[in-house]
Amino acid sequence: MQRLPDRIVTERLVLRQWTVADVAALTTAVEQSREHLLPWMPWAAYEPLPATERARMIEQWRAEHDRGLDAVYGVLLGDSPEDTGPEIIVGGCGLHRRRGPGVLEIGYWLHVDHTGRGYATELARALTDAAFEIDRIDRVEIHHDRANVRSAGVPRRLGFTLVAESADAATAPGEEGIDCCWSIERAEWHERQE
């Protein structure tokens, strides 16, 4: 199975695999954003994770990536040679193979201090480009609960089509239990980028 990229660079962001060296910074970013994430991200209810558990999770993500499965990335600001300070975590994202053959699903979260700046749209655009570089990926999807109105703006801005609303378990406090599936096909994506 063709592997997803290790690193993706956009105009303002670097998407790269998390490393064990990121454990402390990632823990801090998630703790700072926990209340912001809690309504929509079921995993936020289990935060803060012990450092050993977070390190194990990062190692698992890397192993899955190395086997050609999902890719889970840190979203960081900038990539210029002048950057001498610590990396600034904007959030996290991923490409997931959980929707069946020929499909990759984009997932993302943002640090509370970095919302409303277009970063989610920028990273989703880059992930869609990367997904369609993979052989036999014909469709990219973004899913969110219908109550998460802000999340709906990302696929809409990128030209995805809302193809289904279906009953789904509400797994986080802000959810109403209706999954919204947005989709775009390879040919349509390339046509929109020309």
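The model is predicted, so local features need pLDDT of at least 70 and side-chain atom pairs count only at pLDDT 80 or more, while totals for chains, interfaces and linings use all residues. Residues are numbered from 1 along each chain as its sequence is written, and side-chain values use heavy atoms, without hydrogens and water.

**Helix α1.** Select residues 23-37, helix α1 (helices are DSSP runs of H or I with at least four residues, strands are E runs of at least two, and both are numbered from the N terminus). The end C-alpha atoms of α1 span only 18 Å, whereas a straight helix of 15 residues would span 21 Å at 1.5 Å a residue (the expected span is 1.5 Å times one less than the number of residues). Next, centre on E31, where α1 bends by about 35° (the angle between axes fitted to the seven residues ending there and the seven starting there).

**The sheet.** Now display the 8 strands, which form an open sheet of mixed pairing in the order β1-β2-β3-β4-β5-β6-β8-β7 (two strands pair if DSSP finds at least two bridges between them). β1 (7-9) and β7 (161-167) stand at the edges with a single partner strand each, so one side of each lacks a neighbour in the sheet. Select β2 (residues 13-17) beside β1: 3 bridges join these antiparallel strands. Within this pair, I8 stands opposite L15 in β2.

**Helix α3.** Finally, select residues 119-131, helix α3, which lies across several strands, including β3 (71-77), β6 (139-145) and β8 (178-185) (contact means heavy atoms within 4.5 Å).

Technical notes:
Axes are lines fitted to C-alpha atoms, for helices over the stretch in contact, and angles run from 0 to 180 degrees between N-to-C directions.
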